[in-house]
Amino acid sequence: MSRTDDTKLIERCIEGDRQAFESLLVLYEKPVFNTALRMLNSRDDARDVTQTVFLKVFENFGSFDPSRRFFSWIYRITLNESITWLGKSKRLEPLQLEAVDEAKGPEQELQSANLSAGVQAALMTIKTDYRTVIVLKHFLGFSYSEISQILEIPEKKVKSRLYSARQLLKDALTRTGMH
Amino acid sequence: MATEQKYTDLMNAAIDGEIGDVESAELQSYLDDSAEGRAMNEQLANLCSTLDRVEAEEPPPHLRHLIMSSLSPSKTAQESTGLLQTLLAAPVLKYAATFAAGVVLSLTLVNSGQISNTAFDDVTKLVGTVAKPVDTGLVSSVSINLADIAGTVSLRNTASMLILDFDLFAKRPIEIEADYTDRTIWFNGFAQLESSGTTVSAQAGKVTLAMQGKRRYAVYLHNEGGRNTTIRLRFLDGGEVVHEARLEYAPDK
């Protein structure tokens, strides 16, 4: 979605237009939910975080800086909420990585589910800073520059964090035999 | 010998499509000469390919509705009033409505889908009947957040009317029973916004609704004199009660 479109919708949201807010919700619900899901490894928690994110967005339109891009704002809120949620549920410690069951049948769906579960298990073994950049890069498809905007860190740091994260993730996946 | 950090960085940048022509040529030259570099580059490409094959998951189907239902009253007040004003007064929107004045101790079965095409298309008559009490006040509200049912039910009041405002999503067909303790209160009508398919039946002291999917509708209860009452809501899925809630109207307190 273009920045102009986002801006128009946000202007309408600030004026209390619920339909405009629902349009933003339609656009961002799935990526926000998936961001939270990858950070938290729980659909229930991701659902709650997604709900919190959109309520915060709705309540704080007044403080949104229009010079910033909306996506960087909403994903930053999503990541912060996810990290806060992890703290609440005492999941900050990396989880033990267990070998992923091999696919029991030829069904593509099962393979896809196993791939997703295996990658998710590996993701949960790395620190949240690293997990964050992997999620932004690989599951949301952001560029270095966009990740830099979302995390408010220099691009150079984005690169070094991402490259380290990949190495750690590769090691984790290797331990499960997935890579 | 370990791969130099410089080339590791270039491999990552190349995978991400964020590498310039000069750097790309430099990387290619390195890979041509280094078996170790090629192996590492392949591993990196495999990793990224694995990550990119992970499919995004669909959010729970009711999540969007749940979020919209959870918006703060201060921001939604205008909208909520607007809905009721729409249901009560605006003739431009399509909706199904019926007012069954005088339904006391008798069973009424209403299929809103049928009504919308027949007797109540002329909404101006509807306006003439109940347009005055558009200034409704929110009395109380309950939220439902189950795996298969989500949304809100609000109780509003106006002069001699109580209005149950249902804003719900149900994955499967459900029934909702609304019992009111004061049996002198009677079912006075039903209106539905932009949808059909909700079935309403009324008898003394009780209204039963059947619905599925996303629905927004209102049930009107005549409450002459503004008497106290408690409305007990029971949500049934397959005949089993899956949720209960209460809405209280107590102006005397």
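## Crossing helices

In this predicted model, α6(A) and α3(B) are roughly perpendicular to each other (65 to 115 degrees). Their axes, lines fitted to C-alpha atoms over the stretch in contact, come within 9 Å and cross at roughly 75 degrees. Helix α3 of chain B spans residues 35–53. Helices are DSSP runs of H or I, at least four residues, numbered from the N terminus.

Ile134(A), His138(A) and Phe139(A) represent α6(A) in the contact (heavy atoms within 4.5 Å). Cys48(B), Leu51(B) and Asp52(B) answer from α3(B). By class, this contact holds 4 nonpolar, 1 polar and 1 charged residues. Asp, Glu, Lys and Arg count as charged; Ala, Val, Leu, Ile, Met, Phe, Trp, Tyr, Cys and Pro as nonpolar; the others as polar.

## The whole interface

Chain A brings 37 residues to the contact, chain B 35 residues. Together the chains bury about 3,800 Å² (accessible area lost, 1.4 Å probe, summed over both), with 60% of it on carbon and sulfur atoms.

The interface has 4 salt bridges (Lys or Arg side-chain nitrogen within 4 Å of an Asp or Glu carboxyl oxygen). Arg166(A) and Asp16(B) form a salt bridge at 2.4 Å, N to O.

## The side of chain A

Five helices of chain A each supply at least two residues to the side that touches chain B: α2 (18–40), α3 (43–59), α5 (108–123), α6 (128–139) and α8 (155–176). α2(A) gives the largest share, 11 residues. This side of chain A divides into 17 nonpolar, 9 polar and 11 charged residues.

## Basis

Residues are numbered from 1 along each chain as written, and chains are lettered from A and ligands numbered from 1 in the order written. Local features need pLDDT of at least 70, and side-chain atom pairs pLDDT 80 or more, while totals for chains, interfaces and linings use all residues; side-chain values use heavy atoms, without hydrogens and water.

Notes. Buried area is the accessible area (1.4 Å probe) that two parts lose on being put together, summed over both. Axes are lines fitted to C-alpha atoms, for helices over the stretch in contact, and angles run from 0 to 180 degrees between N-to-C directions. Angles under 35 degrees count as roughly parallel, over 145 as roughly antiparallel, 65 to 115 as roughly perpendicular and the rest as oblique.
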